[in-house]
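This briefing concerns the nonpolar and aromatic side chains of one protein model. Please consult the sequence and structure below while reading.

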Amino acid sequence: MPLFLLRKKEFYFMEKTKNKKSKLIATIIVGAVLALTLVLCSIFVKAPETHECHECGGTGICATCDGEGNTDDGICADCVNNTGKCAACDGTGYVESESRYSETFIALLPPIIAIVLALVTKEVYSSLFVGILAGALLYSNYSFLGGMDALINQGLITAVSDTAGIFVFLVILGIIVALVNKAGGSAAFGKWAKTHIKSRIGATVATFFLGVLIFIDDYFNCLTVGSVMRPVTDSHKISRSKLAYIIDATAAPVCMIAPISSWAAAVASYTEDGQGLKLFINAIPYNFYSLLTFVFIIAITLMKFDYGPMKLHEQRAIEKGDLFSGKKVGTDEETVSSKGKVIDLILPIVILIGVCVFALVYNGGILNGSDFITAFSDTDATVGLPWGAIIALVITIIYLIARKVISFKDAMEAIPQGFIAMVPAILILTFATSLKNMTGLLGAKYFVKGIMDNAAAGLNNFLPAIIFLVALALAFATGTSWGTFGILIPIVTAIFPTDSKLLIIGISACLAGAVCGDHCSPISDTTIMSSAGAQCNHINHVSTQLPYALTVAGISFVSYILAGFIQNAYIVLAISVVATIGVLFAIKAITKKEKVKAK
């Protein structure tokens, strides 16, 4: 072998070894800092031995029967011996703290540990597990047996049972994708796209608009858009990281401004009866993060540039054909039918959408006399989505076999293939939900409530911006936007008068912050689903998306400051759109100069 090749190989090996050593040293340092933090917390932080009962709000009176001891259905089962006293606190208004760290800032430490470790080590499974373990130890006051009990029972088992419906939906969707691939539907769509979508801009915009059109549910959006558009974006050398970002940026944000969606239904359930949907619709023009995210995507696509880690991923895709920037995710390479047509992809997706929409409203009681909006408000996506997916799967198998593009044996082989493709997403979702359960056990939402109550005094016009930041931080740390606005909406409605314009702005800031934090968080279920839909390495998706999401978040924060004083959605939105485009031009100019310097 020539000497220069030996030296080149030796240099590459040394660089690789050096990078591994640097990564190991960084991991050890971060681990030591986090361990020291836990030790210091165990010494200096301690919650009060008792705290206000959250069931009765500290009144000692049963909230179910209002202290009367009876309800319209008879004897109240939620009070002490039919006396009207709150059973949770035995009428005292106070309960003992379950952990010495309950309702302190330590409640947010487990997700912070998981997020920091994930970003440093690039290993999501171990990072999430360490975060869960830290939460279990804190909850049990460092008891080994108590910690194991919390880890297994309140953590992992509860996480699996709570998200079992979504797991079923994921597996079925994976099977449908495997069936469509075997039938040659995806390959046929890819060939069609090469002749009809002739540019990277066209592929990106097509992906964006498909994401906007599927506004029913974010899980459904992520996986459907990913499976449909992967052949298109791959053919135009768009990196999987960029595809995952577009999917993620049009999943939760579009659901957050669509009145007919599972998100609108969830928001409506946290507000006063009959007012939830009205408040949600009124808040749409003030949802700056969601609206500006759409502006951001279109602008950066038309301006033909990227920045941050995404720039490197896109350069690798264009120059080297490396769509993954690392280890390939998914199983795209397989024997497919040569008889496949575009209809073999489109029809199963249309059937899936149609049946799932019916299943959602059926679960919400549309056949029992409820109207469409009410049925959507009362539905449970964890039941409706798998309900519809099973029917769509059966119809898809019958259709593809009848078309003779696959055999019955091929269809059965697709079942384990679809399941295997979704295992990483299921594992991450299980761990992320377990981590969320740990923060719940430690009383994170009550700690945040205390922050909000303190902020309400004297900062009235700045409150929307503060609410946005608090919602962003809480959603980022817990990985759940639904849980975040479930915590904050009751607080926001209590802070502002019912007829106040600031109430609408405050609700919108809460929703926008929750979506933004969810968008940024590596432990968010929507972020996980976006990685699964794009078949992209999860940490790659998180690291490339973060600068984009934070750019829009910064502009949104300023927008909420303006909205607190101007209180006109359209004026503030117009200013924000101009600011978004202006910021992108500035970033493009700066990154262009950096490129020149790099030469």
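The model is predicted. Its largest nonpolar core has 81 residues, and a nonpolar patch is found on the surface. The whole structure holds 14 aromatic pairs.

**Nonpolar cores**
- Within the core of 81 residues, Leu170, Leu179 and Leu223 have the most contacts.
- Helix H5, residues 164-182, gives the largest share of this core, namely 12 residues.
- Leaving aside residues up to four places away in sequence, Leu170 touches Leu223, Met422, Ile426, Leu429 and Met529.
- Another core, of 65 residues, lies apart from it; among its members are Ile300, Cys510, Cys516 and Ala563.

**Surface patch**
- The patch is formed by Phe358, Tyr362, Leu367, Trp387, Ile391 and Ile395, which together have about 540 Å² of accessible area.
- Two or more patch residues come from each of helix H15 (343-363) and helix H17 (381-402).
- H17 provides the largest share, three residues.
- Ile395 lies in helix H17 and counts as partly exposed because its relative accessibility is 35%.

**Aromatic pairs**
- Phe208 and Phe209 pair edge-to-face, at 5.2 Å centre to centre with 70° between the planes.
- Phe208 is buried, at 5% relative accessible area, whereas Phe209 is partly exposed, at 47%.
- Phe358 and Tyr362 form a stacked pair, at 6.0 Å centre to centre with 20° between the planes.
- Because Phe358 and Tyr362 are four residues apart in helix H15, about one helical turn separates them.
- Phe358 is partly exposed, with a relative accessible area of 38%; for Tyr362, also partly exposed, the value is 38%.
- Tyr245, Phe296, Phe305, Tyr307 and Tyr548 are linked into a cluster by ring pairs.

Conventions
Residues numbered from 1 in each chain as written. Predicted model: local features only at pLDDT ≥ 70, side-chain atom pairs only at ≥ 80, totals over all residues. Heavy atoms only, no water. Patch = residues over 30% accessible without salt bridge, like charges linked within 9 Å, V, L, I, M, F, W, Y side chains within 5 Å. Areas by Shrake-Rupley, 256 points an atom, 1.4 Å probe, with all protein chains shown as cover. Salt bridge = Lys/Arg side-chain N within 4 Å of Asp/Glu carboxyl O. Buried < 20%, exposed > 50% of the residue type's maximum accessible area, 1.4 Å probe, protein only. Core = buried A, V, L, I, M, F, W, Y, C linked by side-chain atoms within 4.5 Å. Contact = heavy atoms within 4.5 Å. Phe/Tyr/Trp six-rings, centres within 6.5 Å; stacked < 30°, edge-to-face > 60°.
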